[in-house]
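Keep the viewer open as you read.

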Amino acid sequence: MTEIRNRLVIIVRADPVICGHSVEGRNLAETALTRGFDEVRIVTWPIERLEAAGLPLKPLDTVLPYSPGIIVERPAPVGDYKVPDGRYLAGITGRLVELFTDGVPTVALSLYLSPHTIAVADAVRAAWGTGLPVNVTTIAEAVGSDVTNVVRTAVEEGRLGAAAHILSSYLSQDHCVAVSEYTRDLIIEEAQRVDEQHGTRFAEQCRDRIVVSYPAIDAAQYLDLDPAAKAAELGARGLVDDGYLFFLSRLTDAKGVDDLIAGFERSEVARTSELPLVIAGRGPQAEALKQLAAASPLAHRIRFLEDVGDAEKPYLMAGCAAFVLPSKPRPEFVETFGIALAEKMLAGGGPVITTLTGGIGEAIGDHAIVVPVNDPDAIAAAIDRAVLHTSAEERREWAEEARAYALQFDRHTVFDKLFDRFPRVETEGVPA
């Protein structure tokens, strides 16, 4: 049996969840194999638990396989039916304890503070409590929605315990990361509110310790796409190059699909061409949005795709006349980066149309058509600008500049910056 010298454990909501950070987990795992880690384990949730939670999931047969050396673990629940949610978290935490105490030098990277970083913090404490040798370095990545959804709610409801549990677990990690400057500022802001309400001292620690590491994207998947392969992929969907408007993300209120449909209806493009609007994704608002589209005077030109796989996505992005993602802030979710936007910029093709919600500005730089939130008229004008009032040469130049900007998010670049910043700490005996 080959000796394992360096292991990376990633704790994340992994595939088949439709979420940019599940893709990020995959990209970091694949890169780790080329950077001296001889084993990578992704510890995540059983499929049936993801389904029961109502999360939007990709069709299982469209999920690309992981490379040899990457092991996906979905620990079974621990205990009986009386604690249905806690059973699954106990399974993940318990498996982490086993991985932290088997003698293999390990880096544990958690994406989402609640519950994944909390599970890592509990597992590290339990691992030291076993008396067995522990050699683990922990990195916690806050993706943003774990703060807007959980910490902010706890602050607004005056629940110190819930907010303190998340923030203290985060700060207990060896290294604290946020996926954007917006997210870092958001965490500090919410920590400050906790401090003001309860006399704690979280904000100062967050300000001193949190650094930004942008999400990791597999740029190679989007670059130098074969024209014949692209034509075949588009043809299989009844589409042609530069011949459709495209949206791809989760179908939730925060993604602004209702505004997109309204903007499409009001555009000059809608009046003067037969260009279709293709909406790809799954999510809790899917049926409501389909009903909205069915009631539109352009219903015959609005198509929904629920089965776009990882391999097909780059071609659909590269082939569109414009990619529209008009995100808007919601109490339960704010776009803290915009991974799909950066992916689209890498793929090339028509311009990106989006808002400056949350951290989107960091994802797009100056390389998108920006519209206000909740503004279908502005979306209509942006569609017309992108499709009707931009020359082919301008579109090519725009695409090239956007791609050059987005290359900073390539998974190798992101991984190297992250791990060069946080060299692994060798520990012996008891923790410092």
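A charge sits over a ring if NZ of Lys or CZ of Arg is within 6 Å of the ring centre and within 35 degrees of the ring normal. By that rule, Arg 26 lies over the face of Tyr 66, at 4.0 Å from the ring centre. Arg 250 likewise has its charged end over the ring of Phe 333, 4.9 Å from the centre.

Before going on, note that this is a predicted model: local features need pLDDT of at least 70, side-chain atom pairs count only at pLDDT 80 or more, and totals for chains, interfaces and linings use all residues. Residues are numbered from 1 along each chain as its sequence is written, and side-chain values use heavy atoms, leaving out hydrogens and water.

Now for the rings. Rings of Phe, Tyr and Trp (its six-membered ring) pair if their centres lie within 6.5 Å; planes under 30 degrees apart count as stacked, over 60 as edge-to-face and the rest as tilted. The whole structure holds 9 aromatic pairs. One of them is Phe 246 with Phe 323, edge-to-face at 6.0 Å centre to centre and 65° between the planes. Both residues are buried (under 20% relative accessible area; exposed is over 50%, partly exposed in between, with a 1.4 Å probe and protein chains only).

Tyr 405 and Phe 409 also pair edge-to-face, at 6.0 Å and 75°. Tyr 405 is partly exposed because its relative accessible area is 23%, whereas Phe 409, at 0%, counts as buried. Together with Tyr 214 and Phe 337, these two residues form one aromatic cluster.
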